[in-house]
Each structure stands twice: as C-alpha cells, then as structure tokens.
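Please read them with the coordinates open.

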Amino acid sequence: MTDDLRSFDVLPGAGHSPVILHVPHSAREIPPSVRAGIALGDDELARELDHITDAHTAQIAEAAAGAAGVVPWRFVNRLSRLVVDPERFPDEREEMRVVGMGAVYTRTTHGAVLRSEDIEAGPLVQRYFLPYARAMTRAVADRLAATGRAVIIDVHSYPRARLPYELHGEGPRPPVCLGTDSFHTPPGLLDAARQAFGETELDSPFSGAYVPLEFHGSDPRVEALMVEIRRDTYMTEPGGPAGPGLERLAAALARLVDAVSG
C-alpha cells in the first residue's frame, strides 16, 4: 500500500441519467502516512474498520448499476472514512465533533483514542477532503448541465445493534432507513424509495442526505436521499462476508434508480 492510492472514482453512467450513486464509506484502505498518525495497533485497527466500514456497499451500488435500465453514475470513495469522512462538515458546524468524529476522526466507534486530540486536521482536509468535495460538486454540476437535474442517492449501511458513537440511535433500526433533507428530498423520490425497498423508516437511526455545499439549500434541481441498509440483512456482522441479501438489495436499489431516472 502506498500514498499514491486513488482517493475516489467517478464511474460514468448513461449520458441522460440524472442519478449519482454516492458510496462514501465502503473502503478500508488507509495510506501509510495516514496510518502512522493512528494510535491503534493493527488488530485494534482491523476491528475498528469492521465496525465503521459500510462493507460491500460499493458492490451493492455496482450490481444495482448493472441491473438498472438507465445506468446511473457512481461516485465511490476508495479510502477509508478513517482517513477523512467526506460527508462531515470540516468545521464547527459538524455535530459529530462532540464524539471525536468530525471530518477527521479522533475517537473510535467505542470511544477509544484513534488519533491525538491535538492533531492538525488541516493537512488531511487539504489532501483528501477538499479534492473529494470539489469532484463531487463537478459531478453534480455535470448532471445538471446534461439533464437539468441531479439525484444523489447515498448508499450506506449500519449495524443491527447501536454503537456507542451514535448520537441518535435510540429509535427504530429498520431493514432500510431513508435519510432525508427538508429541501432536497421531494415526496416523489421518497415514495419511489419506499416502493423499491419495502419496509423502511424515515431518519431513524440516521438522518439527512448529502448535497455538495455549492447546491445545498439553494438549488431544488438537486435531489438527495440517503439509503442506510441494516447490515444483518445482507452480510455477517461485523466486517464479514456478504450473503444472498446483497443481490436482493441491489435489485431494489436498481428499481429506485429506474423510478427516478425519467
């Protein structure tokens, strides 16, 4: 493993597709220079990656893209969220900072020290976070230019049992949680997701949907929905292999993609 690891991939879909499947948390890779700043031993780090990684979600998105009638675009993070978390605010607006999980994590899922609290986050933000944000902004702008709209479907997973870092984990933990944004999640997108996945809950145990800041709260042509899949429905927890549920979920995601591609 070298520091020349590719940070992310933008995988083209159909020219007339407005859909971007965004997969931010599926990878486990950590460049050596970043690993050097992590306090965990190798076995501890492997266990943390088992808990924090949205395992196999890139595979779900890939299978869904292959099954969809209109191939969506895919934006896939190739580095672990322990490098930087591209979906956090990089400043004091981020509520997860209270548990050491802002854009650059300093605590683990169970509250142990991941990095020193004194770490200078700026270099990691500059090296990894900002290029990712700019590329995602370009991807959305390209869909707007090509189709007049953009539909960001965030593909995540979450554990069956609440982990200590979760700030709002006291509610239901359905097979699929749909995270919404009051400005960017229109009723039609939500209805399509409910029909595609079946048993769902809104914004429990996770809420919100990712939209690049350039468009957030200002451009209604950008639609967004977070799809949080409970891990026991498709894999062995934590960090184990995928099972037959993966294909079923990929087919459901493909149905959602096709429903909102027209």
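1. Helices (H or I, at least four residues) and strands (E, at least two) are DSSP runs, numbered from the N terminus. Under that scheme, Arg 97 falls in the loop between strand E3 (73–77) and H4. The model is predicted, so local features need pLDDT of at least 70 and side-chain atom pairs count only at pLDDT 80 or more, whereas totals for chains, interfaces and linings use all residues. Residues are numbered from 1 along each chain as its sequence is written, and side-chain values use heavy atoms, with hydrogens and water left out.

2. Confidence. pLDDT is the predictor's confidence in each residue, from 0 to 100. The protein averages 96, and 98% of the residues score at least 70. Among the elements, helix H1 (residues 32–35) has the lowest mean pLDDT (96), and E2 has the highest (99).

3. Arg 97. With a relative accessible area of 47%, Arg 97 is partly exposed; buried means under 20%, exposed over 50%, and partly exposed in between (1.4 Å probe, protein chains only).

4. Asn 77 lies in strand E3 and is buried, at a relative accessible area of 5%. A polar atom of its side chain is 3.1 Å from the backbone nitrogen of Leu 79; a polar contact is a pair of N or O atoms within 3.5 Å, and within protein one must be able to donate a hydrogen and the other to accept it, with residues adjacent in sequence counting only if both atoms are side-chain atoms. Residues up to four places away aside, Asn 77 touches Ser 7, Phe 8, Val 23, Pro 24, Ser 26, Ala 27, Pro 86 and Tyr 132. Which residues line the largest cavity? They are Ser 7, Phe 8, Asn 77, Leu 79, Val 83, Val 84, Tyr 128 and Tyr 132. The volume of this cavity is about 60 Å³, and a search of the whole structure finds one cavity of 30 Å³ or more.

5. How the voids are defined. On a 1 Å grid over the protein atoms alone, a cavity is a set of points where a 1.4 Å probe fits but cannot get out, and a pocket is an open set with protein on both sides within 12 Å along at least five of seven lines; lining residues have an atom within 4 Å of a point. Grid points are joined across faces, edges and corners, and a volume is the space filled by probe spheres set on the points.

6. The largest pocket. Its volume is about 1,000 Å³. There are 41 lining residues, and the closest to the centre are Glu 87, Arg 88, Phe 89, Glu 94 and Ser 207. Helix H4 (122–147), E4 and E7 each supply at least two residues of the lining, with the largest share, five residues, coming from H4.

7. Pro 131. This proline is placed in helix H4 and counts as partly exposed at 24% relative accessibility. Neighbours within four places in sequence aside, Pro 131 is in contact with Phe 8, Val 125 and Gln 126. Pro 131 and Ser 7 are 124 residues apart in sequence, yet 9.0 Å apart in space, C-alpha to C-alpha.

8. Arg 230. Strand E7 (residues 222–230) contains Arg 230, which counts as buried at 16% relative accessibility. A polar atom of the Arg 230 side chain lies 2.8 Å from the backbone oxygen of Arg 173.

9. Backbone points to check. The peptide bond from Ser 204 to Pro 205 is cis, with omega near 10 degrees, and Pro 205 is in the loop between strand E6 (200–202) and E7. Asp 203, in the loop between E6 and E7, has a positive phi of about 55 degrees although it is not a glycine. A cis peptide bond also joins Glu 237 and Pro 238, with omega about -15 degrees.

How values were computed. Contact = heavy atoms within 4.5 Å.
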